[in-house]
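Have the structure open while you read.

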Amino acid sequence: MITYLGDKIDIRLAAFIGIVFAFAATCFLLQKFSGLLPTDQGREYAHDGKLSAGKPRGAGFIFVLVFLVAAVLFIGIEREMVIYLILVAAAMMTGFLDDCSKAPWGEYKKGLLDLIIAVMVAVTFLNFNSNAVDLMLFKTTVTVPPVVFGVLIVILVWVSVNVTNCSDGVDGLSGTLTIVTLLSIYVLDRMKGTDENYNYLILLFVICLLGYLWFNATPSKLMMGDAGSRAMGLFISIAVLKMGSPFLYVLLALVLILDGGLGLIKVSLLRFLKIKILTNVRTPLHDHVRKVWGWSNTQTVYRFAIIQIMIAVGVVYMVSLLA
C-alpha cells in the first residue's frame, strides 16, 4: 500500500512507482495475453463496423484487473473504497462475459445488471457520505432528501455506464474521452481538497487506460469491449460522486453523453412510444460524423476530445473564479 510504503520511502516516490507499475503492467499483460481474448465479430450496423472483425476484444478485463491490483498495492484503502472496487470488478465481469458469449446478451439483461450495480453504488455512497450536494458553479450547497438522492445516484450510474458503453465504437474514442473527464474531475478534486486516496485512484485508472490506448490508437490492435466500457462508465460516476458535485457530470462528460446518449433516447422513444426523432441523424454521433460528414477515425477522436477539453477548461476556470 502507498501508505505503508510512505513510512519506508518518500510518499511521492511510492506514488510514482505505483503509476509506473500500472502503465507497465497494463502494457505487458495486454501484449502477452491479448491473443487469449475473444475476437470481435464486427458490428453489422456500425459505420465500418466489419473492419474490427477478428481483433481481440475484451481488453477491459486486463486493464481493469491491473487497476484493481494497483489500487490494493498502492493505496491505503478503506471499506467504502473496497466496495467501489468490487463493483467496478463486477461491471467489468458482466461486460466480459458478454464479450465472451457467442450470442450477445439482451439489452434487458444487461440493463438489469447495470441497475443492480447502480443501486449498490447508491446504498454504499449514502451509507458513507452525507446527502449534501455541492453546486460548485453557484458556490452553494443543497441538502437532498436521502431517498431522492439515492434515486438520482441510480440514474447517474445507469446513464454513465450506458452512454460510455455506446460511445465505444471508434478506435481510442471512449478511452480518450474518459481520460479527459476523469482528469477534469481530478483537477476539481485538487481545488476542493478532496480525499487524496480517491485523487490517486483516479490517476491509476487513467494510467491503465493510457496503457490500453497504446494498443487501441488508430489503427487498433485490440478492443476494450463491454468489459472496459462498462467499468469506465461506472468509475466516472463514482469519481464525480466522491467529488461532491455530481451535477457537474453533465458538463464534464457532455461529449460522452451526447455521443452515446442520443442513440439511447432515440431508440427508447421509438420502441416504447413509437415517436421518431433525429430521423436524419445517425447514432451514435461518431457514426454520423464519419459517414455523413466524412471525418476520419483520427479526426473524430481528436475533435470530440477537443470539444470536451474546451468545456472542461471552461468549467475549471469558472469554479476557480468562485474559489
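Which residues in the largest nonpolar core touch the most other members? They are Phe 67, Val 121, Leu 182, Leu 188, Leu 201, Tyr 212 and Leu 234, out of 91 residues in that core. Keep in mind that this is a predicted model, where local features need pLDDT of at least 70, side-chain atom pairs count only at pLDDT 80 or more, and totals for chains, interfaces and linings use all residues. Residues are numbered from 1 along each chain as its sequence is written, and side-chain values use heavy atoms, with hydrogens and water left out.

**The core**
- A nonpolar core here is a set of buried Ala, Val, Leu, Ile, Met, Phe, Trp, Tyr and Cys residues joined through side-chain atoms within 4.5 Å; buried means under 20% relative accessible area (1.4 Å probe, protein chains only).
- H8 supplies the largest share of this core, 14 residues.
- Skipping neighbours within four places in sequence, Leu 201 is in contact (heavy atoms within 4.5 Å) with Phe 67, Ala 71, Ile 75, Met 81, Leu 85 and Phe 235.

**H8 against H9**
- Helix H8 (residues 196–216) packs on helix H9 (residues 225–243) at about 155°, with the axes 11 Å apart.
- That angle makes the pair roughly antiparallel, a label for angles over 145 degrees.
- From H8, Tyr 198, Leu 201, Ile 202, Phe 205 and Leu 209 meet Ala 231, Met 232, Phe 235, Ala 239 and Lys 242 of H9.

**Gln 308**
- Gln 308 sits in helix H13 (residues 297–322) and counts as buried at 1% relative accessibility.
- Leu 254 is 54 residues away from Gln 308 in sequence, but 7.0 Å away in space, C-alpha to C-alpha.

Conventions. Axes are lines fitted to C-alpha atoms, for helices over the stretch in contact, and angles run from 0 to 180 degrees between N-to-C directions. Helices (H or I, at least four residues) and strands (E, at least two) are DSSP runs, numbered from the N terminus. Angles under 35 degrees count as roughly parallel, over 145 as roughly antiparallel, 65 to 115 as roughly perpendicular and the rest as oblique. Buried means under 20% relative accessible area, exposed over 50%, partly exposed in between (1.4 Å probe, protein chains only).
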